There are 2 protein chains.
Amino acid sequence: MLVTGVNAQAGVNPRTDPDSQEKRMSREPRREQLLNAADRVIQRDGPGASMNAIAAEAGITKPILYRHFGDRNGLISALTERHTGGLLAAVRAALAEPLERRDRVEHVLDTYLAGIEARPQVYRLLTHPEPGDPTGAGNALAPALKQIAEEITRAVQGQIDLGADRDLLAEAWGRGITGMVLAAGDWWLESRPCSRTRMVQALADLLWGRLAAAADLPTAVLPTIPVEPEAEPDAG
Amino acid sequence: MLVTGVNAQAGVNPRTDPDSQEKRMSREPRREQLLNAADRVIQRDGPGASMNAIAAEAGITKPILYRHFGDRNGLISALTERHTGGLLAAVRAALAEPLERRDRVEHVLDTYLAGIEARPQVYRLLTHPEPGDPTGAGNALAPALKQIAEEITRAVQGQIDLGADRDLLAEAWGRGITGMVLAAGDWWLESRPCSRTRMVQALADLLWGRLAAAADLPTAVLPTIPVEPEAEPDAG
DNA sequence: CGACGATGTTACCGGAGGTAACACCCTGGT
DNA sequence: ACCAGGGTGTTACCTCCGGTAACATCGTCG
């Protein structure tokens, strides 16, 4: 009971604004406020924050959250879309930048890494796949990342001549590149092995076929790694 | 963690029991049996299967599972390691195959895709990141995939001459390639847009720099790009 | 004024992971 | 033969989660 304050709402008079039925415009602002609270909690507790915690942070109780967002997924989706906008728009803009192709790719990579660097918890939320799907596959990429993958697919399709296999390649590459940047970016964010610029270079080099172009190593330790077949260490 | 209760386990006492053959099928067989049951349930219900369901499938009750595996994570880990062996060994063998580099890469890709194709539910389990981590990043790749990433890193480090940046590049690429194959393979498994062979080609092409080599499309219908001036290529 | 709609509450449900306490049963020492 | 002990298993319970039903409240409209 420490919250009553924001009862006073204002502004829209039904006479002057007959179009909107909700004279009590408390819906939209309240929703925003709830999303802000959820944002704070997730920044603090990570993407596993409970509905109770979010409600408490907002100064209200659970059912209100459910009235506004239906279920947890609805809340997360609303929250996600809110942040996705920024990252997705940035990536889209980077993809459309009138640069040399390599520079454009680097620009996109840098944009993504900068985005996840700025707000790691939000990034975690965006990239957290929903655990609801019971059967099969299909959610290695969270919705936000699927959108990014689609953007990449569209860009590849529209900008690069890949012959007859265009559609397939573009789609596979869109997913693949997104997953690549997701995994590599996650690792980079966790252990910070180098500067962002350097990381961008490393990934661009990979996409640029340096894996194919590099020379073989002289003859170092030839890959006869001692592979233990099925040893039974038993009780150790 | 199983710090409670049973502190004296591993009942084989070498001195008093020199035959070293416990007729009591105490631990190992039961454990295997439980893992088999868990495997069945997960094949059927997906990786979200509950401990109750697994216990029921095994014909016993929950606490026994907890005695054997500590907690759910322990069970999943045990189950994971069991299957990881196969996939990981296969990938490792593919990485060590004495082929031309491109053929080797294709071989590795095909090995992975064949593995996830064979048992999708197991693949889902293996690639499902544990949701426990509250803060920050670091688990975009599940443990099994981290191991694969390490194998790739090691292979790149040991086989390819990447100059001074060798370590960084190898590690970033290991993660990146793994994430790429994860995301693309997940999509492929879900929507089956093409044959496995074709998918292998698509991914190998991506890794082989076809993104860099392909020509521009003649008239990319870019909305607001009248001309391409020398835009400043940002950081150099 | 009364009706209505939106806001808020408490209390609850079913199911998840996890644990405590107890019962059985087989082995083995004296 | 008997009792102790460490394995097997059980029932019953805890806490916390997402989600919901039913009730209380406030403000506006007719």
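Predicted model: local features only at pLDDT ≥ 70, side-chain atom pairs only at ≥ 80, totals over all residues.
Residues are numbered from 1 along each chain as its sequence is written, while chains are lettered from A and ligands numbered from 1 in the order in which they are written. Local features need pLDDT of at least 70 and side-chain atom pairs count only at pLDDT 80 or more, whereas totals for chains, interfaces and linings use all residues.

## Fold of chain A

Chain A has ten helices and two strands. Both kinds of element are DSSP runs numbered from the N terminus: helices are H or I with at least four residues, strands are E with at least two. Read from the N terminus on, the order is α-α-α-α-α-α-α-β-α-α-α-β.

Chain A holds 236 residues, of which 34% count as buried. Burial is a count of other C-beta atoms, placed from the backbone, within 10 Å of a residue's own: 20 or more is buried, 12 or fewer is exposed, and in between is partly exposed. Two residues are in contact if their C-beta atoms, placed from the backbone, lie within 7 Å. Among contacts in chain A between residues at least 6 apart in sequence, 54% join residues at least 24 apart.

Five residues from domain 1 of chain A and five residues from domain 2 of chain A make the contact. On the domain 1 side, three are nonpolar, two are polar and none is charged. Here Ala, Val, Leu, Ile, Met, Phe, Trp, Tyr, Cys and Pro count as nonpolar, Asp, Glu, Lys and Arg as charged, and the others, Gly among them, as polar.

## Symmetry and interface

Chain A superposes on chain B by a rotation of 180 degrees with 0.0 Å of shift along its axis (RMSD 0.2 Å). That is the relation of a two-fold axis. In chain A, Gly209(A) has the C-alpha nearest the axis, 1.7 Å from it.

Strand 1 of chain A runs antiparallel to strand 2 (residues 215-216) of chain B, joined by two bridges. Strands pair if DSSP finds at least two bridges between them. Ile160(A) stands opposite Asp216(B).

The expected span of a helix is 1.5 Å times one less than its number of residues.

| Helix of chain A | Residues | End-to-end C-alpha distance | Expected span |
|---|---|---|---|
| Helix 7 | 17 residues | 24 Å | 24 Å |

Buried residues of helix 7 of chain A include Leu145(A), Ile148(A), Ile152(A) and Val156(A). Their cover includes helix 4 (72-96), helix 6, strand 1 and helix 8 of chain A.

In helix 9 of chain A, the buried residues include Met199(A), Leu203(A), Asp205(A) and Leu206(A). What do the buried residues of helix 9 of chain A pack against? Helix 5, helix 8 and helix 10 of chain A take part, together with helix 8 (166-191) and helix 10 (210-213) of chain B. Just after helix 9 of chain A, Gly209(A) takes a positive phi of about 85 degrees.

## Single residues

Arg192(A) has a positive phi near 45 degrees, though it is not glycine. Arg192(A) sits in the loop between helix 8 and helix 9 of chain A. Arg192(A) is exposed, with 11 other C-beta atoms within 10 Å. In chain B, the phi of Arg192(B) is positive too, at about 40 degrees.

Ala53(B) belongs to helix 2 (residues 51-58) of chain B. Ala53(B) counts as partly exposed because it has 16 C-beta neighbours inside 10 Å. Neighbours within four places in sequence aside, Ala53(B) is in contact with Val41(B) and Asp45(B).

Terms used. Least-squares fit on C-alpha atoms with pLDDT ≥ 70 in both.
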